[in-house]
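Q: I have a structure open and some questions about it. Can we go through a few of them?
A: Go ahead.

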Amino acid sequence: MTTYFARPVPPSVLKELRSTDDAGRETVPVTDTEGGAPLRCCLRRSEPGERIALVSYAPLRRWAADTGADPGAYDERGPVFVHAEECAGPDEDGLPFANAHRVVRRYSARGHILGGRLADAPEGLGQACAEAFADPEVALVHVRAVEYGCFLYEVRRP
């Protein structure tokens, strides 16, 4: 079975988001007193005392700008947590945040939704990615939280 890897928000995009987010709002860092926020820059949960920011992020729009795709109405943005300052990025391979049910949403090379699948925790996430990429029309998938629908990370073909 192929191993799939999560792609964090790219460092160049993080630099922009740490100033102004994809909704055009100024980023406001805070000290996380509780910890546990899913950070999309390093794909781990925050620790109490870390400086983080909640920003609006448009992952499909960013991908489309790099590929020339036009997602049209499928372009959406939503809230994501990131470190307020530059961090080292992920320190593990694989698919993080797999401890709960997740939605694996499939996208075509045009940036249009091709479908989605609920993935059971934790073993179902890799299987859902494999099923998605078995379809040659699928260019990438987004892994999202079930409870809020928030974008967690992107997975592309190996």
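Q: Which side chain does Arg62 meet in a salt bridge?
A: This is a predicted model. In it, the side chain of Arg62 pairs with that of Asp22, at 2.6 Å from N to O. The pair links distant parts of the chain, with Arg62 in helix H2 and Asp22 in the loop between H1 and strand S1, 40 residues apart.

Q: Is Asp22 buried or exposed?
A: Asp22 has a relative accessible area of 14%, and it counts as buried because the cut-off is under 20%.

Q: Which residues of H2 are buried?
A: Pro59, Leu60, Arg62, Trp63 and Ala64. They pack against helix H1 and strands S4, S6, S8 and S9.

Q: What does Arg61 pair with?
A: Arg61 forms a salt bridge with Asp75, with the closest N and O atoms 2.9 Å apart. Arg61 is in H2 and Asp75 in the loop between H2 and S5, so parts 14 residues apart in sequence are tied together. Arg61 is partly exposed at 33% relative accessibility, and Asp75 is partly exposed at 26%.

Q: How many salt bridges are in the whole structure?
A: A search finds 10. One of them joins Glu154 and Arg7, at 3.5 Å between the closest N and O atoms.

Q: New topic. What is the volume of the largest pocket?
A: About 280 Å³. Of its 16 lining residues, the closest to the centre are Pro38, Arg40, Phe81, Tyr148 and Cys150.

Q: What classes of residue make up the lining?
A: There are 11 nonpolar, 1 polar and 4 charged residues. Strand S5 gives the largest share, 3 residues.

Technical notes. Residues are numbered from 1 along each chain as its sequence is written. This is a predicted model: local features need pLDDT of at least 70, side-chain atom pairs count only at pLDDT 80 or more; totals for chains, interfaces and linings use all residues. Side-chain values use heavy atoms; hydrogens and water are left out. Buried means under 20% relative accessible area, exposed over 50%, partly exposed in between (1.4 Å probe, protein chains only). Helices (H or I, at least four residues) and strands (E, at least two) are DSSP runs, numbered from the N terminus. Contact means heavy atoms within 4.5 Å. On a 1 Å grid over the protein atoms alone, a cavity is a set of points where a 1.4 Å probe fits but cannot get out, and a pocket is an open set with protein on both sides within 12 Å along at least five of seven lines; lining residues have an atom within 4 Å of a point. Grid points are joined across faces, edges and corners, and a volume is the space filled by probe spheres set on the points. Ala, Val, Leu, Ile, Met, Phe, Trp, Tyr, Cys and Pro count as nonpolar, Asp, Glu, Lys and Arg as charged, and the others, Gly among them, as polar. A salt bridge is a side-chain nitrogen of Lys or Arg within 4 Å of a carboxyl oxygen of Asp or Glu.
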